[in-house]
Amino acid sequence: MIRIVRRAEMRPIPLFVLLFLYSAIAFARQKTDTATLVNGNEVTCEVLNLSRGVLKAKTDSLGTVSIRWEDVRRIRSSFVYEIVLSDSSAPLFGALTPDASGNLVLGGHAPIPLTSVVSLTPARSHIANRFNGDVDFGYSFQNSQSTTQFNFDGDLVYKQKATSLDLDVSSSLVLRNQTESTHRLQSGLTFYETLSRANFVEIVGQFSNNSQLNLIQRYLGGAGFGHYFVRTNRVLLSGVGGGAFSLEHYSGAPRRSEGDALLAVNNQIFKLYSPKLDISSYFRLWPSLSEAGRFRIDANAKVKLEVHKDMFVSFSFFDNYDRKNPTTSMPLNDYGVTVSLGYSFNR
């Protein structure tokens, strides 16, 4: 008997499968980097990044580990990294090659002490590693006043070389049985481009409303030039000067356009090895260019303390002030203190 066996038909591999396999191979990397610690131990790894005083490295035996940068005496990698220094010079690019003293050696530059290195980012970093952010949720209830309050804060940052994009949202909702409820929302999308040395350009788009200030909505777009006064593994301090144009709608008042100048100061103090601590604040002054005597202030301060791995308890203060509110021609102020629980990633 002759048995005829039909050969299985070869089906083409879907394109998305090929792309996935190619990406996995492209981003896979042997762990041939080394980090030598001050106690003499040498860690064979893949150097992921250095940020805010913490070196993250992937190992075969221990998984991903976090090492305090001050505990690293020498680091070596044949791959190209973006290297940011504390002396406000422009970012450098090159492999991590140490000399006998542990200083980094780049062609055309004097040896670089590790203590002056603020961040290391792989030149071809996986897209997932370019995102970092955090979210905070808060809730409170007062039975005596029949008041319930919800708070939400979120921040998502995408960074690639000298460019970054920051999406932030801050909101609160207060529900009262006997009186009218109040709400506040401020969200913004900010684009940053680092220029030579410690200077950068900032372009911002923002939406906000605040029932305490009788503000139904404000759409704002602006730009400015900024400068880092301090940039180390523990502290960031920068200032921004520029201008903005906004469309405003207040309760009981016609829609109006407004031109403002912008003066801002941003500060951050952090300790990102356990227990992590992050203290951040900003102050923004908006002097009106359209109405004499009017200016607005947006201020915020937050303290985040780690209570578990990447879980934080946060204490924050905000203040929104309008010197010449269009609905009253008098100052109006909204401020508050919140306690919340949050989570952060890649920070």
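## Close-up views of a predicted model

**Figure 1. Overview of contacts and surface in the protein chain.** Of the contacts between residues at least 6 apart in sequence, 49% join residues at least 24 apart. The model shown is predicted. Among the 347 residues of the chain, 40% are buried. The accessible surface is about 19700 Å², and carbon and sulfur atoms account for 60% of this area.

**Figure 2. The largest nonpolar core, with 24 residues.** The members that touch the most other members are L55, W69, I75, I83, V117 and L120. Two or more residues each come from β1 (33-37), β2 (42-51), β3 (54-59), β4 (63-68), β5 (72-85), β6 (92-96) and β7 (117-122). With five residues, β5 gives the largest share of this core.

Figure 3. Neighbours within four places in sequence are left aside here; the contacts of I75 are then T34, A35, V47, L55, W69, L96, P98, L104, L114 and L120.

**Figure 4. N214, a residue with positive phi.** N214 is not a glycine, yet its phi is about 65°. The residue sits in the loop that lies between β12 (199-210) and β13 (215-231). N214 is partly exposed because its relative accessibility is 28%.

**Figure 5. S329, in the loop between β18 (311-322) and β19 (332-345).** S329, a residue other than glycine, has a positive phi near 60°. Its relative accessibility is 48%, so S329 counts as partly exposed.

Definitions and conventions
Residues numbered from 1 in each chain as written. Predicted model: local features only at pLDDT ≥ 70, side-chain atom pairs only at ≥ 80, totals over all residues. Heavy atoms only, no water. Core = buried A, V, L, I, M, F, W, Y, C linked by side-chain atoms within 4.5 Å. Buried < 20%, exposed > 50% of the residue type's maximum accessible area, 1.4 Å probe, protein only. Helix = DSSP H or I, 4+ residues; strand = E, 2+ residues; numbered from the N terminus. Contact = heavy atoms within 4.5 Å. Areas by Shrake-Rupley, 256 points an atom, 1.4 Å probe, with all protein chains shown as cover.
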